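Colleague: I would like to learn how to read the packing of a fold. Please take me through the features one at a time.

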Amino acid sequence: MKAARYYKGEKVLRIEDIPTPEPAAGEVRIKIAACGVCHTDLHYLDHGVPTFKEPPMTPGHEISGTIEKLGDGVTKWNEGDHVVIPAVLTCGSCEACRRGRENICQNMMMVGNNIDGGYAEQIVVSAKDLIPLPKHLNLEDCSIIADALSTPYHAVVNRGEVKPGQVVSVFGCGGVGINVVQFAALAGAKVIAVDLSDEKLEMAKKLGAYATYNAKEEKVEKIIRKATGGCDTAFEVIGNPKVMLQAMSTLKTGGRFVMVGYTADSVALPAARIMYREMEIRGSLGCRPVDYNVIVSLVDQGSIALEPLISNRYSIDDVNKAFDDIREGKPIIRNLMVTS
Ligand SMILES: [Zn+2]
Ligand SMILES: [Zn+2]
């Protein structure tokens with residue numbers, strides 16, 4: 001099968017022909033329809049973040065496809081079923097999994113990091129992790145449920161606990177942030193979207209933002225706090241320490257800050273304000289298996305739109321072009337690698 005492979009220290013994935021994997025007992029092989037091209041992969045390519053699987057490794061963690069071969073003992077699934085693969089596979093038996101918090105599983109395996117991922121024609125994964133998709137949904141577009149939709153759903157619903165009538169600020173309207181906007185609006189909040197790109201802000205408005213602010217504006221956090229009277233919840237979806245403090249500054253007394261963006265850097269926090277004003281800080285990572293069926297239902301009933309989120313589609317041979325377009329800062333929501 002064809003696969004786009006990451007080699008240590010290389011900034012370009014090598015398009016190679018590698019053996020098609022065979023499913024072992026309890027596993028299935030999936031013919032990949034599409035894989036979302038996520039900014040996270042640039043951490044390996046451009047920023048030296050090591051992958052858990054020793055390279056060469058196939059990245060890509062937003063995968064949808066069709067089951068084409070069942071391993072021994074797999075009875076729940078049939079060949080031809082449409083599925084989405086969660087970006088993170090969980091063990092189901094560690095302390096976190098037993099508490100119902102599988103997204104922070106102590107033995108989590110990230111697809112396209114711990115194991116070979118989705119920039120390929122086929123993939124083998126454990127059958128127990130798969131999420132079924134109704135056949136009338138666009139199979140390619142559903143790939144982004146695996147991360148670009150699941151991460152914001154968990155951030156808004158489980159960690160932000162966003163309620164109707166609340167005021168919410170969202171800093172960063174990329175592939176994940178734009179869907180924090182979408183889910184928070186769906187939850188009934190008044191959503192204030194912030195980004196550097198006017199095009200992304202326009203999209204945020206289309207997907208439910210009440211107001212948008214360009215972060216180029218000086219002291220944008222103060223302007224937002226003044227305009228709203230202070231936000232109940234603020235989301236940072238970039239992973240920039242400065243922006244995290246900015247987002248926190250939009251909060252009212254007793255407000256909640258949810259960290260969705262990743263950074264390896266430390267952040268200096270305003271300790272007195274956090275203590276005196278009872279500010280809350282919560283991390284948010286991925287989502288739990290139980291959340292996926294809700295997200296699929298929301299897509300199915302038309303409450304969450306997928307198609308407007310897909311910016312460009314690339315063949316597997318052109319997957320490096322998809323990364324270049326992200327590097328060039330084009331106003332991309334989600335690029336897809338498609339195999340058809
Ligand atoms: Zn991702
Ligand atoms: Zn676990």
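**Contacts, helices and burial**

Modeller: Among contacts in the protein between residues at least 6 apart in sequence, 68% join residues at least 24 apart; two residues are in contact if their C-beta atoms, placed from the backbone, lie within 7 Å. This is a predicted model, where local features need pLDDT of at least 70, side-chain atom pairs count only at pLDDT 80 or more, and totals for chains, interfaces and linings use all residues. Residues are numbered from 1 along each chain as its sequence is written, while chains are lettered from A and ligands numbered from 1 in the order in which they are written.

Colleague: Which residues are buried in helix α10?

Modeller: An α-helix has 3.6 residues a turn, so residues three or four places apart point the same way. In α10 (residues 319–327), V319, A322 and F323 are buried, that is, each has 20 or more other C-beta atoms within 10 Å of its own. Down the axis of α10 these buried residues fall within an arc of 95 degrees, so they line one face of the helix. Their cover includes β1 (2–5), β3 (27–37), α1 (41–47), β16 (310–315) and β17 (334–338).

Colleague: At what angle do α3 and α9 pack?

Modeller: Angles run from 0 to 180 degrees between N-to-C directions, and 65 to 115 counts as roughly perpendicular. Helix α3 (residues 150–159) and helix α9 (residues 289–300) pack at about 105 degrees, with their axes 10 Å apart, and are therefore roughly perpendicular to each other. S150, Y153 and H154 of α3 meet D291, Y292 and I295 of α9.

Methods. Helix = DSSP H or I, 4+ residues; strand = E, 2+ residues; numbered from the N terminus. Parallel < 35°, antiparallel > 145°, perpendicular 65-115°, else oblique. Buried ≥ 20, exposed ≤ 12 C-beta atoms within 10 Å, placed from the backbone. Arc of directions from axis to C-beta.
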